[in-house]
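Subject: Structure handover

Hello,

Here is the structure you will be taking over. My notes on it follow below.

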Amino acid sequence: HMPEPCLVAKIYETIPRAVPFKLLIVSDADALLSRTGYSATMRAFQELTRIRLAACSHGASLVIHTSIPQHPVFSALTGNAKNFYDEELRLRKAHAYPPYAALIHITMPATTDKEIKIAEQTQARLTQELAVHRLEFLPSARTHRRRTRIVSFSIRGAPMDPTNKEWFSIMELLKKSLPASAILEVNPDSI
């Protein structure tokens, strides 16, 4: 009796279509579930759904190795996706995350002490100038990546609406005030 072909799926890697298999194994599902960020659970569900669909397209069985089988993601994979999304939306609303709020994450790289000081002054000035818009400034962070120091902070406000002139003026102010090297992310996966 020949063993059935088996494939071990790696997270975020393409599953080959031309390779026949009858069993698809996900050995590191817990790594997906332990990621940080308000959208981590949804991203885990999307990735595991992608892998599940690959197994189905091959007529293969799917085995997911996990130490937390009671996680809502697994219930969603077995057909309870509506409850999963309802709970995700409830949690996002309770914690003021998108789509119930807008997040803007700003990163300003700096290689010299002078650039760090300019970044910090820019942040302080923006905090004052944007105060009239009733925005919440989340705690800032100072980090190092290789030789570059990074000053970053996030702003939270009402959900963005392209027709809302207030958001337009906020974005214009950010564009005018931030250095060219700044990175501005609207509703990033994590902050």
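A salt bridge here is a side-chain nitrogen of Lys or Arg within 4 Å of a carboxyl oxygen of Asp or Glu. Please keep in mind that this is a predicted model.

Salt bridges

Glu166 and Arg134 form such a pair, with their closest N and O atoms 3.9 Å apart. Glu166 is partly exposed, at 28% relative accessible area, while Arg134 counts as exposed, at 65%.

A search of the whole structure gives nine salt bridges. Another one of them joins Glu136 to Arg156, where the closest N and O atoms are 3.0 Å apart. This pair links distant parts of the chain, with Glu136 in strand S5 and Arg156 in strand S6 (residues 148-157), 20 residues apart. Is Arg156 buried or exposed? Arg156 is buried, because its relative accessible area is 13% and buried means under 20%. Glu136 has 39% relative accessibility and counts as partly exposed.

The side chains of Glu87 and Arg90 also meet in a salt bridge, at 2.7 Å from N to O. These two residues are three apart in helix H4 (residues 81-94), which means that about one helical turn separates them. Both ends are partly exposed: Arg90 has 46% relative accessibility, and Glu87 has a relative accessible area of 33%.

The open sheet

Three strands make up an open sheet in the order S1-S2-S3, and their pairing is parallel. Strand S1 (6-9) and strand S3 (61-64) are the edge strands, each pairing on one side only. On average, neighbouring strands of this sheet are turned by 20° against each other, direction ignored. Between S1 and strand S2 (residues 23-26) there are four bridges in the parallel sense. For Cys6, the bridge partner in S2 is Leu23. Helix H2 (residues 40-57) lies across S1, S2 and S3 and runs at about 150° to S3.

A nonpolar patch

Which residues make the nonpolar surface patch of about 200 Å²? They are Met160, Leu184 and Val186. Val186 sits in strand S7 (residues 183-186). At 37% relative accessibility, Val186 counts as partly exposed.

Regards

Technical notes
Residues numbered from 1 in each chain as written. Predicted model: local features only at pLDDT ≥ 70, side-chain atom pairs only at ≥ 80, totals over all residues. Heavy atoms only, no water. Patch = residues over 30% accessible without salt bridge, like charges linked within 9 Å, V, L, I, M, F, W, Y side chains within 5 Å. Areas by Shrake-Rupley, 256 points an atom, 1.4 Å probe, with all protein chains shown as cover. Buried < 20%, exposed > 50% of the residue type's maximum accessible area, 1.4 Å probe, protein only. Pairing = 2+ DSSP bridges. Axes fitted to C-alpha atoms, helices over the stretch in contact; angles between N-to-C directions. Contact = heavy atoms within 4.5 Å.
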